Amino acid sequence: MKSWSLAAPDISATERLGVALASVLPRPATVALNGPLGAGKTRLVQAIAVGLGIDPAEVTSPTFVLVHEYSGTIPLFHFDAYRVRSDEEFWQLGAEEYLAGDTPAIVVIEWAERITACLPRDRLDISIDVWGPTERRFRFVAHAEAYELALERLCRLLAAPEAR
C-alpha cells in the first residue's frame, strides 16, 4: 500500500492513530508531517510518544529549538522546520546525524515541506487537513517498501473493532 487516507472525527481518534503508528513504523523511521497551523501535528507527535512509552506532557513543539529528544522504548526525535530558512541551515543545525538511521529511533519532522530536499528517500509522508473544529483528514504516502508494509499494518490495526 503506497498511500492511504483516514478521517479522524475527534482528538481521541488522532490519539489512537498516533499510538498505532508508533507500533507499526519500521526502526529506524522518518515521518514527514505537513499541515497548516493548528492542524494537530504536535498532537499527533504526542500520541506517537504515548505509543513509545513517553509522557505526552513532555512533548512540545520544538519551534524555537529545532529538535527535541525523548527517551522511550526507542528514542523519538521531534523536529520543527517552521523557522528553518534553507536546506543549508537545516544541515548546519546537525540534522544529518538524526536522519542517518544509525539508531533505531523514530524521527518526526513538522513542516517537512520546507526542507523536502533534505528528507531521506525512505520515509512516510503524512499530510493533515483540517475538516472541522476537531475532525482531521490524514493522508499517508509511503516512500519505501518498509513504509508500505507499515501502512498496511496500520490500516488493519485501526480497522480492528478494539481500535474504535
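How many of the residues of helix H2 are buried? Of its 11 residues, 8 are buried, so that H2 is mostly covered, where buried means under 20% relative accessible area, exposed means over 50% and partly exposed lies in between, all with a 1.4 Å probe and protein chains only. The structure is a predicted model, in which local features need pLDDT of at least 70 and side-chain atom pairs count only at pLDDT 80 or more, while totals for chains, interfaces and linings use all residues. Residues are numbered from 1 along each chain as its sequence is written, and side-chain values use heavy atoms, with hydrogens and water left out.

## Helix H2 and its surroundings

The helices (H or I, at least four residues) and strands (E, at least two) named here are DSSP runs, numbered from the N terminus. The buried residues of H2 are Lys41, Thr42, Leu44, Val45, Gln46, Ala47, Ile48 and Ala49. They pack against H1, strand E2 (29-34), E4, strand E5 (106-110), strand E6 (123-130) and E7, where contact means heavy atoms within 4.5 Å. After H2 comes Gly53, with a positive phi near 80°.

Leu33, a residue of strand E2, has a relative accessible area of 0% and is therefore buried. Leaving aside neighbours within four places in sequence, Leu33 touches Lys41, Leu44, Val45, Val108, Ile109, Glu110, Trp111, Ala112, Glu113, Ile126 and Ile128. One of these, Glu113, is 80 residues away from Leu33 in sequence, yet the C-alpha atoms of the two are 8.0 Å apart in space.

## Helix H1 and its two partners

Two packed helices are described by the angle between their axes and the distance between the axes. The axes are lines fitted to C-alpha atoms, for helices over the stretch in contact, and the angles run from 0 to 180 degrees between N-to-C directions.

| Helix pair | Angle | Distance between axes |
|---|---|---|
| H1 (residues 11-24) and H2 (residues 41-51) | about 50° | 7 Å |
| H1 and H5 | roughly 135° | within 9 Å |

With this angle, H1 and H2 are oblique to each other, since angles under 35 degrees count as roughly parallel, over 145 as roughly antiparallel, 65 to 115 as roughly perpendicular and the rest as oblique. On the side of H1 the contact is made by Ile11, Thr14, Glu15, Leu17, Gly18, Val19, Leu21 and Ala22, and on the side of H2 by Arg43, Leu44, Ala47, Ile48, Val50 and Gly51. By class, the residues of this contact are 9 nonpolar, 3 polar and 2 charged; Ala, Val, Leu, Ile, Met, Phe, Trp, Tyr, Cys and Pro count as nonpolar, Asp, Glu, Lys and Arg as charged, and the others, Gly among them, as polar.

H1 is oblique to H5 as well, and the crossing of H1 with H5 is right-handed. Here H1 contributes Arg16, Leu17, Ala20, Leu21, Ser23 and Val24, while H5 contributes Ala150, Arg153, Leu154, Leu157 and Leu158. The contact of H1 with H5 has 8 nonpolar, 1 polar and 2 charged residues.

## Aromatic pairs

Rings of Phe, Tyr and Trp (its six-membered ring) pair if their centres lie within 6.5 Å, and planes under 30 degrees apart count as stacked, over 60 as edge-to-face and the rest as tilted. By this rule there are 6 aromatic pairs. In one of them, the rings of Trp4 and Phe140 have centres 5.4 Å apart and planes at 25°, so the pair is stacked. Because Trp4 lies in strand E1 (residues 3-8) and Phe140 in strand E7 (residues 136-143), the pair ties together parts that are 136 residues apart in sequence. Both Trp4 and Phe140 are buried.

The rings of Phe77 and Tyr98, with centres 4.9 Å apart and planes at 75°, are edge-to-face. This pair links strand E4 (residues 76-80), which holds Phe77, to helix H4 (residues 95-99), which holds Tyr98, across 21 residues. Phe77 counts as buried at 12% relative accessibility, and Phe77, Phe79, Phe90, Trp91 and Tyr98 form one aromatic cluster.

## Backbone features in the loops

Most residues other than glycine have a negative phi, and most peptide bonds are trans. In the loop between H1 and E2 lies Pro28, and the peptide bond from Arg27 to Pro28 is cis, with omega near -5°. Trp111, in the loop between E5 and E6, has a positive phi near 60° and counts as buried at 10% relative accessibility. Ala144, in the loop between E7 and helix H5 (145-159), has a positive phi of about 155°.

Notes. A crossing is left-handed if the near helix is turned anticlockwise from the far one by less than a right angle, and right-handed if clockwise.
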